[in-house]
Amino acid sequence: MKAVVIHEFAEPENLSVEDFAEPVPGEGQVVISVTHAGVNYPDLLVMTGKYQNLPARPFVPGKDAAGTIAVLGPGVQGLKVGDRVVAQVEFGAFAERTLAAAASCYPLPDSISDADAAGMGLVYQTAYFALVERGQFKKGEIVLVNGAAGGVGGAAIQLVKALGGTALAGVAGAEQAEAARALGADHIIDLSAPDLRESLRQQVFACTGGHGADVVLDPLGDEIFDAAIRAVAWCGRLVCIGFAAGRIPTLKVNYLLVKNIAVSGLQWSDYRDRQPEKVREVQRVLYELHAKGALRPHIVEVLPLARFSEPLRVLANGKAKGKYVLRLS
């Protein structure tokens with residue numbers, strides 16, 4: 001089968017599509033014939049050897065796969081060959097066939113295309129768990145989403161609106177601001193403004209009447225985290241999702257005490273592995289919201305597998321204005 005293969009960790013441009021052995025399912029596993037795969041920022045970290053969970057090489061990267069079940073392993077129940085599914089895997093999605101735990105496969109309703117399913121996979125799950133599970137969002141609250149033009153950020157903006165909140169989109173530049181408004185953002189927070197430590201808080205206070213953000217979702221880290229925590233409302237919550245901007249920030253915890261605020265983190269794959277029933281319930285909720293028209297992945301482009309490095313370079317440069325999906329068949 002054709003696949004992106006990592007023999008040695010490298011920048012995406014230095015990796016290639018090549019022939020690779022087809023996977024064989026074990027107990028409780030299935031093989032998916034992949035039609036589309038979502039491209040995510042963690043894929044870049046995996047390729048360059050910077051991700052926290054790395055399998056033995058050689059291996060195939062990719063965490064979001066949509067397609068049809070081709071082979072059932074022993075003990076699999078509730079699924080059959082030919083079922084359309086989406087699956088979130090630790091690695092392996094950038095291939096014509098991938099291995100997935102049956103418990104991590106979610107049958108697709110007819111109303112969702114394979115491309116949309118791949119575009120809605122990891123990012124919408126991550127955004128929901130960050131907002132609702134870790135951020136303890138309540139209807140009517142104000143949410144600042146940093147990196148709002150990216151995959152997780154864009155999903156979070158849509159979820160905030162779908163669940164009855166006010167969405168503040170933290171973005172850099174006019175193009176990202178336009179993308180965030182198209183997703184439903186109520187206000188734009190300019191992350192490229194001078195003196196961000198002061199200007200971010202000023203912007204948030206200006207559009208919230210001095211209240212601040214009840215919840216902050218931050219996939220960026222670096223100076224953006226440092227500035228955003230100063231815009232958290234009394235008894236607010238900040239959820240750390242990643243460090244795409246570079247530096248892993250540190251925090252003086254007396255600040256949490258003084259403002260009665262909480263900071264938490266999200267590693268979504270732990271929920272997949274430890275509480276798969278909760279992930280399945282969230283997937284059901286996402287399907288319902290999609291059916292109501294409240295969620296629609298903003299897919300910028302669907303590319304052939306051979307061009308996998310192009311969207312990853314966009315993500316690496318912080319220029320994303322939506323979601324990229326790879327087409328495998």
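**Ground rules.** I worked with a predicted model in which local features need pLDDT of at least 70 and side-chain atom pairs count only at pLDDT 80 or more, while totals for chains, interfaces and linings use all residues. Residues are numbered from 1 along each chain as its sequence is written, and side-chain values use heavy atoms, with hydrogens and water left out.

**Record.** I looked up the UniProt entry, which is unreviewed and lists residues 10–326 as "domain: Enoyl reductase (ER)"; such annotations may be inferred rather than shown by experiment. The span is 33% helix and 26% strand, and its end C-alpha atoms lie 20 Å apart. I took helices (H or I, at least four residues) and strands (E, at least two) as DSSP runs numbered from the N terminus.

I traced an open sheet of six strands in the order 10-9-8-11-12-13, with parallel pairing, where two strands pair if DSSP finds at least two bridges between them. Its edges are strand 10 (187–190) and strand 13 (262–265), each pairing on one side only, and the twist averages 20° from one strand to the next.

**Strand 11.** I then asked how many residues of strand 11 are buried. In strand 11 (residues 213–218) six of six residues are buried, with buried meaning under 20% relative accessible area, exposed over 50% and partly exposed in between (1.4 Å probe, protein chains only). Strand 8 (residues 142–146) pairs with strand 11 over three bridges, and Val143 has Val215 as its bridge partner. Strand 12 (residues 232–240) pairs with strand 11 over five bridges, and there Asp218 stands opposite Cys240.

**Strand 13.** I found four bridges in the parallel pairing of strand 12 with strand 13, where Leu238 has Val263 as its partner.

**Aromatic pairs.** My search of the whole structure gave three aromatic pairs, counting rings of Phe, Tyr and Trp (its six-membered ring) with centres within 6.5 Å, and calling planes under 30 degrees apart stacked, over 60 edge-to-face and the rest tilted. Phe129 and Tyr271 form a tilted pair, 4.6 Å centre to centre with 40° between the planes. Because Phe129 lies in helix 3 (residues 122–134) and Tyr271 in helix 9 (residues 268–274), the pair ties together parts that are 142 residues apart in sequence. Phe129 is buried at 1% relative accessible area, and Tyr271 counts as buried at 14%. Elsewhere I noted that ring pairs link Phe9, Phe59 and Phe91 into a cluster.

Methods:
Axes fitted to C-alpha atoms, helices over the stretch in contact; angles between N-to-C directions.
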